[in-house]
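Trainee: Could you show me how to read a protein model, one feature at a time?

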Amino acid sequence: MTQHIVRTFDEELGLLSSKINQMGGIAEAMMVDALDALSKHDVSKARGVIERDAQLDALQHDIEELAVLVIARRQPMANDLRQIMGTIRIASDLERIGDLVKNIGKRVTVMEERFLSMRSLSGIQHMAHLVLGQVKTVVDSFAQNNAELARHVWLHDGEVDTLNNSLFRELLTYMMEDPRSITFATHLLFIAKNIERAGDHATNIAETVYFIETGQQLSGPRPKGDTAPYSLSAKDV
Amino acid sequence: MPEAGAPLPEAPPSALRSRVVQGKVLRLMALATGLAVLALAHLSSLPWLAHGLALLLLALIYVGWRPALRREEGRLSEAARVLRPDAEFKLSTVLDALGAPTILTDRRGHIVHANAAALKAFPGLKQGHPVTFFIRAPAMLSGLEAVLGNDSEVRFELLDHIPVERSYDVLIRRLGGAPEVGHLAIGTAFAVIFMTETSAAKRIEAMRVDFVANASHELRTPLASILGFVETLQGPARDDATARRTFLGIMETQARRMARLIDDLLSLSKIEMSAHITPSAEIDLVAALRSVVDTLGGLAQDRAVALKLTLPEARSLVAGDRDELLRVFENLIENGIKYGQSGGVVEIGLTPVEDAVIGPALAITVRDFGPGIAAKHLPRLTERFYRADVSESRVMGGTGLGLSIVKHIVTRHRGRLGIASIPGDGATFTVTLPALTPK
Ligand SMILES: Nc1ncnc2c1ncn2[C@@H]1O[C@H](COP(=O)(O)OP(=O)(O)O)[C@@H](O)[C@H]1O
Ligand SMILES: [Mg+2]
């Protein structure tokens with residue numbers, strides 16, 4: 001980044017960045033807790049996740065206000081403007097991730113415990129771990145101004161989609177085998193969907209980070225799980 | 001990372017010098033005591049006995065004290081040398097010698113110095129940047145805020161999940177004697193973050209639960225089948241020699257599968273247990289791959305599969321655990337032979353690559369030309385007990401744990417496992433490991 005003569009402007013930018021980081025940290029922690037709550041059927045932990053979402057909302061609000069203030073006062077140019085606008089977008093994606101994770105928490109509080117041993121939990125956990133990795137890496141890429149790392153996240157989104165499709169089939173099989181599990185399995189289906197969409201937001205963030213750093217849009221063929229043949233890139237698993 | 005040359009707290013060399021002097025004085029006093037005893041012996045009524053005793057005493061003092069004193073003096077003068085204000089000496093050198101991740105921050109929470117252990121545990125840490133850009137856990141943020149605000153110290157537990165689960169007891173403390181916050185320049189050490197890893201204890205707990213659950217679930221099926229055959233042999237098939245032979249054969253297969261299961265589960269537990277420790281021995285992948293191919297030569301021959309190795313001439317080094325890496329290659333090549341048998345060839349390659357996340361890396365590929373793996377199974381193969389085709393895996397004597405073990409080992413080595421397959425045209429497994437650049 002270019003040096004500014006006015007010290008406080010840099011400090012303001014730094015403050016925006018650190019708030020994004022804070023949001024990232026909270027989102028990651030919420031995700032871990034939500035999954036933990038799911039696999040141990042820990043209702044009070046799930047409630048904790050639901051409550052925590054408010055922090056993300058508040059931070060997003062802070063970021064938007066600060067950003068607007070900075071723009072109005074400093075009237076920043078090209079690079080800086082790009083960074084500030086990018087920050088606003090990232091904050092809103094992180095806030096959305098928080099909402100999705102909160103939904104997982106809500107489902108945990110109403111799920112029946114007796115089907116918990118179902119195998120597909122391992123699939124959900126696998127998927128959550130992948131998405132958690134994506135979220136962590138993309139916030140890293142923002143903190144470290146690393147466009148390549150952002151691109152990496154963007155490229156690996158397809159894995160999450162594939163996993164979601166495979167889970168969908170598996171859960172369907174369970175439902176057909178044992179109709180009593182339908183309610184439980186439906187919850188899991190929605191949880192998987194929530195996780196997948198959190199992954200989509202991580203990809204959005206990756207696009208924003210790439211744009212902030214390079215001024216260019218991420219484009220070109222991306223191995224989207226649904227459509228691309230599997231030979232295009234080795235899937236990380 | 002450039003060394004942060006925070007000056008040591010004022011070392012009082014005069015105090016050290018006086019300790020050395022003290023040592024010398026003590027020795028002189030001991031000698032004097034010995035001589036005094038000798039003089040007394042002259043005057044006593046039993047001169048010869050007393051003489052003897054006194055000489056013995058002197059000798060003892062001499063022998064016993066001299067090396068001890070020498071050592072002490074040596075240590076002291078060494079310390080004096082190191083602590084001399086003009087000596088080339090950096091606090092960072094001391095911090096790097098500590099085994100626990102330790103980070104110095106300034107009054108804004110920006111990194112002044114992250115020691116070697118901290119860099120190993122959190123490879124991104126960069127001097128001059130906020131700690132919380134790299135360790136984002138909310139606990140770290142609020143802990144730092146407290147110490148940078150009013151508290152002189154805080155303790156908390158830090159949990160990290162990517163790439164592997166780790167837990168730390170963290171202590172953040174203001175440096176003693178640090179002047180009022182307002183007076184400290186930015187970039188000057190203000191607080192120290194000290195982390196003690198507690199992953200191992202946590203893991204043991206989680207592992208016990210997991211292991212019992214998995215083992216009991218997976219062992220139940222073969223066990224039920226064995227019991228069924230035993231009952232049949234005791235009852236209806238009591239006198240049927242042909243049935244006995246067949247059943248015993250099946251029972252043996254099942255029992256062996258159970259044994260393999262237990263082996264695999266145990267090694268999985270062992271690997272998971274040490275997942276938080278990055279292995280550090282220097283391993284040559286060329287030699288490792290050669291040795292695995294040698295061991296699997298027999299199996300390949302039995303199945304009429306040719307193993308084709310394409311390796312670089314030079315040694316290709318990674319930091320790793322030899323046994324574990326051998327297991328990775330063994331599992332992948334064995335799968336290639338077993339499940340890709342119809343293709344007749346398994347190709348094994350090793351190439352240096354540049355990876356966006358890992359950096360300079362080595363990619364090991366194991367490619368077969370068998371039926372391949374359907375897309376829907378691809379991302380799930382590394383889950384415990386997941387098999388694309390349960391009956392086929394059973395026939396092959398598989399446990400469904402092989403790829404799970406592979407994945408865990410690779411993760412522990414901070415590497416990545418990739419699987420690509422076009423159904424009908426075989427499968428390619430790629431292991432990417434951080435390359436060890438020779439120092
Ligand atoms: N090279 C391959 N080609 C086709 N399928 C494979 C290949 N490697 C592994 N698989 C599939 O992945 C599953 C899991 O493999 P693994 O974890 O090694 O367990 P196991 O070999 O004990 O069954 C196997 O059951 C098989 O269905
Ligand atoms: Mg195997």
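Mentor: Gladly. This is a predicted model, and chain A holds 7 helices and 1 strand.

Trainee: In what order do the elements of chain A run from the N terminus on?

Mentor: The order is α-α-α-α-α-α-α-β.

Trainee: What share of the residues of chain A count as buried?

Mentor: A residue is called buried when its relative accessible area is under 20%. In chain A, 55% of the 237 residues count as buried.

Trainee: And how do I read contacts along the sequence of chain A?

Mentor: Start with contacts between residues at least 6 apart in sequence; in chain A, 84% of these join residues at least 24 apart.

Trainee: Which residues touch the most other members of the largest nonpolar core?

Mentor: That core has 70 residues, and A:L38, A:I124, A:L188 and A:I195 touch the most other members. At least two core residues come from each of these helices of chain A: α1 (7-40), α2 (43-74), α3 (78-110), α4 (120-143), α5 (147-155), α6 (157-177) and α7 (182-214). Take A:I195 as a case: leaving aside residues up to four places away in sequence, A:I195 touches A:L35, A:I104, A:I124, A:M127, A:A128 and A:V131. There is also a second, separate core of 56 residues, with B:L268, B:L381, B:I409 and B:L417 among them.

Trainee: Let me try a single residue. Is A:S141 buried or exposed?

Mentor: A:S141, which lies in helix α4 of chain A, has a relative accessible area of 0%, so A:S141 is buried. Beyond residues up to four places away in sequence, A:S141 touches A:N146, A:L149, A:A150 and A:V209.

Trainee: What about B:V230, buried or partly exposed?

Mentor: B:V230 sits in helix α6 (residues 199-234) of chain B. Because its relative accessibility is 29%, B:V230 counts as partly exposed.

Trainee: How is chain B divided into domains?

Mentor: The domain assignment gives domain 1 (13-83), domain 2 (98-197), domain 3 (200-273) and domain 4 (278-439). Taken over C-alpha atoms, the centres of domain 2 and domain 3 of chain B are 49 Å apart.

Trainee: Now a helix pair. At what angle do α9 and α11 of chain B pack?

Mentor: To read a helix pair, look at angle, axis distance, handedness and contact residues. Helix α9 (residues 322-339) and helix α11 (residues 402-412) of chain B pack at about 140 degrees, and their axes are 9 Å apart. The crossing of α9(B) past α11(B) is left-handed. On the α9(B) side, the contact residues include B:L325, B:V328 and B:L332, while those of α11(B) include B:L403, B:I405 and B:I409. Sorted by class, this contact has 8 nonpolar, 3 polar and 3 charged residues.

Trainee: Why is α11(B) described as largely enclosed by the rest of the structure?

Mentor: Count its buried residues: 9 of the 11 residues of α11(B) are buried, so α11(B) is largely enclosed by the rest of the structure. Among the buried ones are B:G402, B:S404, B:V410 and B:R412. Their cover includes α7 (241-273), α9, β11 (416-421) and β12 (427-434) of chain B.

Methods:
Residues numbered from 1 in each chain as written. Chains lettered and ligands numbered in written order. Predicted model: local features only at pLDDT ≥ 70, side-chain atom pairs only at ≥ 80, totals over all residues. Heavy atoms only, no water. Axes fitted to C-alpha atoms, helices over the stretch in contact; angles between N-to-C directions. Helix = DSSP H or I, 4+ residues; strand = E, 2+ residues; numbered from the N terminus. Left-handed = near helix turned anticlockwise from the far one by under 90°. Contact = heavy atoms within 4.5 Å. Nonpolar A, V, L, I, M, F, W, Y, C, P; charged D, E, K, R; others polar. Buried < 20%, exposed > 50% of the residue type's maximum accessible area, 1.4 Å probe, protein only. Core = buried A, V, L, I, M, F, W, Y, C linked by side-chain atoms within 4.5 Å. Domains from an automatic or database assignment.
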